[in-house]
Number of protein chains: 2
Amino acid sequence: MEMTALSRLTGAGSDDIARVLRAILEYADETLSADAWQVAGHANVPFADLLDILQKLRERGLLEFPDSSGASTSEVRLTKQGEALARELRVARTENVTCQTCAGSGFEFEPFHDAYHQFIPLLAQRPPAESTYDQGALTADSVFRRLALMYAKGDVADQRILLLGDDDLLSLALALTGLPREIVVVEIDPRLCEFIERVAREKNLNLRVIQHDAREKLPADLRAHFDTFVTDPSETIQGLLLFVEKGLAMLAPGGGRAGYFGITLIEASMLKWNVWERHLLQNHALVFTHISEPFSLYAKGNELGSGVNINFPPMLVPPRAPWYRSSFFRVETLKEFVPPADYDSNPHDELYQDAESLDEAWAVLASGQAQSPIPVPEEFLNASAQRAAQAQNGLGRHVIAEFWNCENAQSENGLADAIEQAVRSARATLLDLNVRRFYPQGYSAIALLAESHLSLHAWPELGYVALDVFTCGDADPQKIVQQLEKHFRPRNTEYIKIPRGRVRMGLLPEPITLPVPV
Amino acid sequence: MEMTALSRLTGAGSDDIARVLRAILEYADETLSADAWQVAGHANVPFADLLDILQKLRERGLLEFPDSSGASTSEVRLTKQGEALARELRVARTENVTCQTCAGSGFEFEPFHDAYHQFIPLLAQRPPAESTYDQGALTADSVFRRLALMYAKGDVADQRILLLGDDDLLSLALALTGLPREIVVVEIDPRLCEFIERVAREKNLNLRVIQHDAREKLPADLRAHFDTFVTDPSETIQGLLLFVEKGLAMLAPGGGRAGYFGITLIEASMLKWNVWERHLLQNHALVFTHISEPFSLYAKGNELGSGVNINFPPMLVPPRAPWYRSSFFRVETLKEFVPPADYDSNPHDELYQDAESLDEAWAVLASGQAQSPIPVPEEFLNASAQRAAQAQNGLGRHVIAEFWNCENAQSENGLADAIEQAVRSARATLLDLNVRRFYPQGYSAIALLAESHLSLHAWPELGYVALDVFTCGDADPQKIVQQLEKHFRPRNTEYIKIPRGRVRMGLLPEPITLPVPV
């Protein structure tokens with residue numbers, strides 16, 4: 001009873017409570033005491049939720065803070081009652097079976113020991129991590145474990161590699177191996193840029209550094225150029241998508257390119273992982289090939305909570321060992337991959353902080369103020385507020401076009417680009433584009449626009465394309481039709497334009513035959 | 001020149017050729033000879049494509065088969081010209097950096113050594129693998145590496161575990177640890193069922209075996225019951241989805257449940273992985289938390305090619321070591337997870353073989369017949385071959401409908417279902433459905449059909465819905481419109497029907513105003 005009441009009370013699902021209990025039991029000694037930092041690193045629950053659950057467990061007498069002054073130890077300990085809850089939730093004490101040789105990464109970096117030994121002193125000299133840029137450097141071993149994984153996948157030797165942000169100095173580690181064909185670092189922090197550049201000069205490394213705020217468009221010569229990108233994005237929904245999609249925009253088209261990014265379950269819930277995974281699969285021709293154990297350890301921790309007056313004794317003591325860790329994701333492009341457009345981030349998007357962020361969790365703890373839920377990102381929404389206003393003139397304009405004897409309807413090559421450009425030229429916004437090839441021939445494309453939709457169906461064997469463009473708002477459907485006509489190059493065309501959604505009835509007028517676009 | 005011509009010739013993308021060359025170089029000795037079986041296991045290219053690429057490389061003088069009788073060795077060797085191609089494609093020779101301790105799995109199974117030592121003799125006694133059931137057993141080490149990974153994730157101790165198919169005897173390994181709360185095996189092969197049951201009886205293991213063809217609905221008492229499922233599905237698109245979705249149907253609702261499945265890049269292209277990943281994320285509240293290195297090795301191989309008269313010398317020699325390997329996927333449910341309905345598979349679906357299957361690749365090699373591409377599954381596709389035939393009557397029929405004063409246009413709740421049903425009622429095939437809500441109100445849905453498309457845009461504040469249904473073939477667009485009219489319940493409607501793609505010009509007729517459907 002008590003137990004079920006507890007689940008209800010915390011607001012967390014019993015699965016989150018089970019995760020926290022599992023982490024406590026995994027890191028507990030015989031007295032069932034565990035280091036709160038390691039629990040935070042292994043619970044797979046966002047930090048703020050973890051703190052909330054730990055506090056509520058304590059209030060209910062299920063958990064104790066042995067050093068309640070927070071002066072000497074960061075331990076938490078399950079009470080007898082806490083043990084009973086773990087049993088009820090079927091959380092058993094487990095041994096740590098992570099491979100000690102590779103820390104769970106699956107790869108050894110022994111072949112790179114020369115580079116490794118040159119790298120260690122560099123890490124000590126790097127400018128200190130700067131929280132303004134959401135920094136926090138990986139341990140040297142973690143850097144080289146990432147490197148080994150990338151190498152094993154064929155993404156290092158003789159490859160063109162882009163690092164989008166490089167707190168971790170992975171660029172230097174890569175360059176020290178002498179293996180990549182090209183390494184470019186885009187980094188916002190001038191101190192880091194200077195440091196990496198200086199080391200590269202001194203050691204004569206093949207490495208180029210560009211100081212740039214990745215929230216803005218990247219230099220055009222980087223576009224569609226790389227084989228591999230790596231980024232350690234911030235973990236807001238917008239932040240991750242911005243960094244990863246910019247990475248994708250810089251990859252060369254076609255199959256076999258790779259993107260790597262580190263993400264945690266400390267500042268990102270599984271729901272966020274789900275949003276990211278779905279978004280990336282829906283919008284880009286890629287596949288997840290690898291989601292690693294969270295083997296990447298960060299030298300974060302000492303900075304946390306400083307200057308914040310918190311009443312959470314176990315975490316008043318700084319962590320004794322790295323605890324913050326992330327999983328390394330690998331995506332690989334399919335043959336159909338076309339690099340997406342680069343874009344400036346929306347200046348109103350908060351890229352670094354949301355309710356799941358560490359800093360936010362501390363601030364909440366200090367202020368006692370409840371947090372708001374993670375904000376839903378701009379690009380999943382849309383300003384369709386003007387729609388209603390247009391009801392008077394018809395809500396939408398629908399152009400139906402028939403293209404016959406097309407010179408360029410044989411295949412869907414280049415079609416996605418043509419649609420993207422056509423949509424952009426009409427100042428419309430492409431939300432989703434699906435191009436599908438049929439067997440044995442033929443293809444369709446449907447695009448969801450913020451302003452309605454575009455559809456086309458091609459019968460290459462007949463040189464025929466059926467095109468529909470439906471827009472509302474200011475976007476001009478004829479412009480899109482004209483652009484796509486340039487793509488298909490039909491010798492014969494017909495069009496009609498149908499106003500849609502004219503207020504009240506009698507809405508479907510005689511079709512208006514448009515002049516053939518020049 | 002030669003090189004680019006080669007890429008064109010093989011029909012494979014240069015990325016696939018690069019993958020094959022990378023695997024050759026990774027497994028090559030100093031003379032650049034590599035075991036063809038290991039190359040097949042590591043190329044990350046479907047087996048049939050691999051054979052095709054190896055043969056074409058040989059025809060072009062880029063690759064040699066040192067033992068051209070196929071009597072003693074399965075080696076393939078790059079020629080000087082082949083090395084040059086590798087350089088051109090920027091494929092460098094890499095060392096194997098897979099962790100030798102854990103074989104890349106990231107976990108050690110030392111804590112389970114008692115169970116492991118009891119397991120080894122069992123594996124030797126098991127009934128031989130039966131290709132009718134797409135069997136092929138994992139090595140004992142691989143079984144225990146899977147077990148260790150599952151254990152580390154909290155999915156073994158005190159958990160209720162379902163095995164959907166169990167060639168590998170993972171159920172016995174799990175039971176021998178004594179850790180799970182409950183283990184149920186659903187297995188089609190009566191010999192295996194009997195074996196597992198007998199061992200369980202003799203060793204007094206906590207284990208229940210149900211002999212059942214998983215293509216049919218599972219016993220109702222298994223539904224929504226388990227914490228964890230494991231399956232090693234066949235690798236057709238339908239096969240994997242059938243097994244994994246049945247596993248999901250048996251999980252208890254809510255967050256923190258886990259599903260595991262092994263899949264290869266030997267019998268499944270990255271395109272298939274993409275289809276699977278997208279389908280699972282789009283249809284179920286889950287997240288991919290783990291995609292492992294392909295550490296699972298199968299004792300497959302000796303059975304292959306027997307009785308098949310192939311002209312491919314390197315593979316006339318049976319493999320000397322396990323070469324067939326798979327990645328282990330882990331999905332975890334979100335709080336929002338509801339187990340899907342169980343279902344009988346469509347008896348017309350081929351679950352075990354497609355053009356990427358091993359057996360199929362051998363058969364092709366034996367017959368010299370070109371293979372057809374992977375059959376795109378029923379639900380993703382359609383026989384669009386009739387399309388051309390219909391050119392006389394117009395290729396497609398397009399119904400434009402305007403629904404005003406709808407009683408049920410407030411939200412998109414239930415819309416996806418309504419669209420699915422409407423499409424099914426017209427015997428059309430839904431390939432992709434995208435429902436998007438706009439802020440602050442309004443929503444759109446676009447559906448790609450095998451027979452063209454459906455789009456709708458709703459202005460709930462005005463009670464207005466703009467609907468377009470465009471079909472070709474036998475599917476009747478009016479039927480879809482009628483069904484959706486039942487969903488939205490408009491008080492006023494208008495329709496026009498426009499034939500699309502009438503042969504030659506003069507194609508756009510006067511619209512025909514349809515009678516209002518009853």
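Q159(B) sits in the loop of chain B that lies between α7 (140–152) and β4 (160–164), where helices (H or I, at least four residues) and strands (E, at least two) are DSSP runs numbered from the N terminus. The model is a predicted one, in which local features need pLDDT of at least 70 and side-chain atom pairs count only at pLDDT 80 or more, while totals for chains, interfaces and linings use all residues. Residues are numbered from 1 along each chain as its sequence is written, chains are lettered from A and ligands numbered from 1 in the order in which they are written, and side-chain values use heavy atoms, with hydrogens and water left out.

Q159(B) is buried, with a relative accessible area of 8%; buried means under 20% relative accessible area, exposed over 50%, and partly exposed in between, using a 1.4 Å probe and protein chains only. Apart from its neighbours within four places in sequence, Q159(B) is in contact (heavy atoms within 4.5 Å) with R90(A), G154(B), P180(B), R181(B), E182(B), D227(B) and T228(B). The side chain of Q159(B) reaches the backbone oxygen of R90(A) at 3.1 Å.

## Where the two chains meet

R90(A) also forms a salt bridge with D227(B), their closest N and O atoms being 2.7 Å apart; the term stands for a side-chain nitrogen of Lys or Arg within 4 Å of a carboxyl oxygen of Asp or Glu. Between chain B and chain A the count is 12 salt bridges. Helix α11 (residues 270–283) of chain B gives the most to the side of chain B that touches chain A, with 8 residues.

In total, 113 residues of chain B are in contact with 115 residues of chain A. The size of an interface is often given as the accessible area lost when the parts come together. Here chain B and chain A bury about 9,600 Å² between them, 60% of it on carbon and sulfur atoms, and this buried area is the accessible area (1.4 Å probe) that two parts lose on being put together, summed over both.

## A strand between two partners

In chain B, 8 of the 8 residues of strand β15 (residues 452–459) are buried, so this strand is largely enclosed by the rest of the structure. Strand β14 (residues 443–449) of chain B is joined to β15(B) by 7 bridges, and the two run antiparallel; strands pair if DSSP finds at least two bridges between them. L448(B) stands opposite H453(B) in β15(B), and a hairpin joins β14(B) to β15(B) through 2 residues.

Strand β16 (residues 464–472) of chain B is likewise antiparallel to β15(B), with 8 bridges joining them, and S455(B) stands opposite D468(B) in β16(B). β15(B) and β16(B) form a hairpin with 4 residues between them, and G463(B) in the turn has a positive phi of about 65°.

## A methionine in helix α10

M250(B) lies in helix α10 (residues 237–250) of chain B and is buried, with a relative accessible area of 0%. Leaving aside neighbours within four places in sequence, the contacts of M250(B) include L162(B), L218(B), L222(B), F226(B) and D342(B). The C-alpha atoms of M250(B) and P339(B) are separated by 6.8 Å, although these residues are 89 residues apart along the chain.

## Chain A as a whole

The secondary structure of chain A comes to 14 helices and 17 strands, and buried residues make up 62% of its 518 residues.

Technical notes. Polar contact = N/O pair within 3.5 Å; in protein donor to acceptor, adjacent residues only side chain to side chain.
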